[in-house]
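Visitor: I have a model open in my viewer and would like to learn how to read its features. Could you walk me through it?

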Amino acid sequence: MSVLKVEALTKRFADVLAVDDLSFSVEPGEIYGFLGGNGAGKTTTLRMVLDIIRPTSGRIEVLGGAPDRRNTAAIGFLPEERGLYGNMSAIDAITYFGRMKQMAASDAKAHGMELLKRFDLGDRAKAKISEMSKGMAQKVQLATAIVNRPRLLILDEPFSGLDPVNQQLLEDEIVGAAKGGAAVVFSTHVMQHAERLCDRILLLRKGKKRFEGTIDEARDQLPARIDAVAPAGITGIEGIAAANATADLGNGWSEYSLSLDPGVDAGDVLQRCTASGLPLRRFEERRATLHDVFVHLVGSAPDSSGELAR
Amino acid sequence: MIRNILLVAGREFRQVVQLKSFWLTLLLVPVALALGPILGDKLEDRDPAKVVVIDRAGGTTRAVLEQRFAFEHDQQVLRDLSRYVRRHGLEAADPQAAWAQHDRWYTPADVLAFRQAGGIDAALAKIAKVKAKDTPEFDPPSQDFTFVAPPPDLATADGEALQAGVDRALKAKDTAPEHADLVVLIGPKYPADPTVRLWANEQPKQAFVGPLNETLTADLRQRLLTANGLSPQSAAMVQSAAPALSVTTPPPGGGGKEALLVRSIVPLALAYILMMGLMLSGSWMLQGSIEERSKKLLESILACITPEELMYGKLLGALAIGLSMLTVWLGTGAAVAFATHGAIADLIRPALAPVTSPGAIATLIFFFIAGYVAISIIFVAIGAMADSMSEAQGYLMPVLLGILLPVTFLMQAIIAGNSGPMVQVLTWVPIWTPFAILARLGMGVPTLELVGAGAVLAVFIALEVIFLGRLFRASLLAQGQKPGLKQMIERLRPATE
């Protein structure tokens, strides 16, 4: 049974269509990436799943039922914009959120302490949030999201603003939660995280689904490119859509950047070269990256840090 | 739902309790209330006014004046002692004594008998034998006037020298030997020339001018009567002819305006506490709401609980703060009354009279809680709309002024015993109803009015919960958007999401 199932979901704010006829499902133990640029509808969709806002039309099924606060015991949520009560201690904040998720205070406190120790914050459990560094507070916030051992973990831009150490910690927690059987849904515009973590991704553009599938399937959306060093005869090999000579290496050898016809495998091209006796000094396949697919499907370019401008 | 509401309320309560300003407020109010009477007592001028009588006629006028003011003082002592005896039921100390009889206006004969029986010291010695241990001591009234001998330079000075001497005496420090508050000059030709001059360093009190005038008038009439052939004894008899006034008064604290004021103490205090509590807890609650918005906490919270649970939790937290303050302040008052046994307890007993019946207690609880909820919802809605404390102040100030200004007028009207149109109108306007009803309880509120105003208030709260609840829900996630009037009205409509 799917942990999360969305069918024909639509959300309209006045004249703006934020989410347009969106359908997808997430299975237990799966890490599911929500990718899209600014205004793609990622946060709006997650808010509808959490019942913070209601859809204009469509259907959402969370853990077999309609979205409802009665599911909070099985849901973990880390919002994009994060913060905690400054006057609360770390353990009190975790316990408070645990109790809002229907946990007994003692269970929430015990698991909260366990998480703080795992996050190397055991000795700061009673420190006030306002006295902690930003990195520490982010770990506490993560603990508030997973204190109830959720079956559905929803993370909205979870890597935003995290330092590399906390990014790794979060990746470990996401993988750990999925291995434990939880369905993890996270939105991001950092392609490296999606490539490393996601079993499947969903690409959104202006609220509409542009792609859903595995990372491999996503990369196959664009034809692979091949860097080759060969004589001019390579341009006539079947399956090569275009051959762009990038450098003349002398003695009839050139460096080529080859584009393949859609659906053509690089191995088939290599075999045809060999069968036709075409000598090769270099033949290196370069598959399309998720970044390339994202730019192709969504139309926004990532910024210099590898993140799309929000 | 209840669990989440209690959870939010508990967090709100703990957050406020952690504030230093909460504890300062909690402690400062009882301290201020306790210090008030003490400081008032200390600041009260109990030193008698110094009176200098310059009698150039060389008669007995000065001595007569002294006797008259001594009589006035002893009569006051008798009256106060009589009220003290009646309040504490001490008549058994000496049933025949004038101070054990409360049905008359004390005459010179009563005062004379009182003096002859040993005055206040003898009376207190008799009272001490029958007085219970926890009965407070009698606090005799201080003397209002004391007569001192004129400074030598005034005794004989005339014209400008006299004026200069009087000015020096009136302007001299209280501790200076030549100081005087009042100077009376009886001219050398008195009584042929009945002019008597009076200098004072401030507007002279009626308590001085009245007896002075009566004494000099009696003296002049005595002389006139004897000059016209009446014997001094007959003249004195004419002068002393006076009705024997039989006076009936309610027991101390039990009648008329005094009783009304005493009965209104607790209701007025509750209205005041409601006002103070709302101002303070409203401000604290706003700080909490703004922290949730500014620290981006709301989305995390709303993923776990509904906006309604958050709103009701905040209201309940604010109410808990208000009731805590009420409990501490009233508890402090009760503890003080218990500790002091006497005067304060005696005051509180009649003060508590209007709030001791089950109906009155239910009325108090209903209007206090309803008042707290009705106003706190407004604060909660403001907190949901504002991103910063300064922005919140922009909404809060007009609301506070609109609520509290009429309430201050209302309380003054109640203290003055006025139940005119303003009080009636405020009783029926829901945001002022709790204050008006609480404050009026001591005066008595007709049952129909009580039930009607309570019903209107309940309907008002229900409407607030519906409309301000919508505003709260719609404003929660609209961060960084300062709503104009149009947006606010739109948010009052039913949610379409």
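Guide: Gladly, and keep in mind that this is a predicted model. Let us begin with one residue and its surroundings. Setting aside neighbours within four places in sequence, A:Leu4 is in contact with A:Phe24, A:Ser25, A:Val26, A:Val49, A:Ile60, A:Glu61, A:Val62, A:Leu152 and A:Val185.

Visitor: Which residues touch the most other members of the largest nonpolar core?

Guide: The general idea comes first. In soluble globular proteins, nonpolar side chains tend to be buried together. Here, the largest nonpolar core has 167 residues, and those touching the most other members are A:Leu4, A:Phe24, A:Val140, A:Leu152, A:Ile174 and A:Phe186. The element that gives the most to this core is helix α14 (residues 358-385) of chain B, with 16 residues. There is also a second, separate core of 18 residues, and B:Phe71, B:Val77, B:Ala98 and B:Ala100 are among them.

Visitor: How many helices and strands does each chain have?

Guide: Chain A has 9 helices and 13 strands, while chain B has 19 helices and 4 strands. Burial can be read chain by chain too: 53% of the 310 residues in chain A are buried, and for chain B the figure is 43% of 497 residues.

Visitor: Now a pair of helices. At what angle do the axes of α4 and α5 of chain A cross?

Guide: To read a helix pair, take the axes, then the residues that meet. The axes of α4 (residues 134-146) and α5 (residues 164-179) of chain A come within 11 Å and cross at roughly 10°. The two helices are therefore roughly parallel to each other. From α4(A), the residues A:Gly135, A:Gln138, A:Lys139, A:Leu142 and A:Ile146 meet A:Asn166, A:Leu169, A:Leu170 and A:Glu173 of α5(A). By type, the residues of this contact divide into 4 nonpolar, 3 polar and 2 charged.

Visitor: Is helix α2 of chain A mostly covered or mostly open?

Guide: Count its buried residues, then look for what covers them. Helix α2 (residues 90-100) of chain A is mostly covered, with 9 of its 11 residues buried. The buried ones are A:Ala90, A:Ile91, A:Ala93, A:Ile94, A:Thr95, A:Tyr96, A:Phe97, A:Gly98 and A:Met100. The cover draws on both chains: it includes α3 (105-118) and α4 of chain A, together with α1 (2-17) and α11 (298-302) of chain B. After α2(A) comes A:Gln102, with a positive phi near 70°.

Visitor: What should I make of a positive phi?

Guide: Most residues other than glycine have a negative phi. A:Asp21, which is not a glycine, has a positive phi of about 50°. A:Asp21 is in strand β2 (residues 16-26) of chain A, and with a relative accessible area of 45% it is partly exposed. A:Glu157, also not a glycine, has a positive phi of about 45°. A:Glu157 sits in the loop between β6 (152-156) and α5 of chain A, and it counts as buried, at 3% relative accessibility.

Visitor: Can we finish with chain B? Are B:Thr25 and B:His73 buried or exposed?

Guide: The cut-off to keep in mind is that buried means under 20% relative accessible area. B:Thr25, in helix α2 (residues 20-43) of chain B, has 14% and so is buried. Beyond its neighbours within four places in sequence, B:Thr25 is in contact with B:Leu280, B:Trp284 and B:Trp329. B:His73 lies in helix α3 (residues 61-88) of chain B, and at 19% it counts as buried. Not counting residues up to four places away in sequence, B:His73 touches B:Pro141, B:Ser142 and B:Gln143.

Methods. Residues numbered from 1 in each chain as written. Chains lettered and ligands numbered in written order. Predicted model: local features only at pLDDT ≥ 70, side-chain atom pairs only at ≥ 80, totals over all residues. Heavy atoms only, no water. Buried < 20%, exposed > 50% of the residue type's maximum accessible area, 1.4 Å probe, protein only. Axes fitted to C-alpha atoms, helices over the stretch in contact; angles between N-to-C directions. Parallel < 35°, antiparallel > 145°, perpendicular 65-115°, else oblique. Contact = heavy atoms within 4.5 Å. Nonpolar A, V, L, I, M, F, W, Y, C, P; charged D, E, K, R; others polar. Core = buried A, V, L, I, M, F, W, Y, C linked by side-chain atoms within 4.5 Å.
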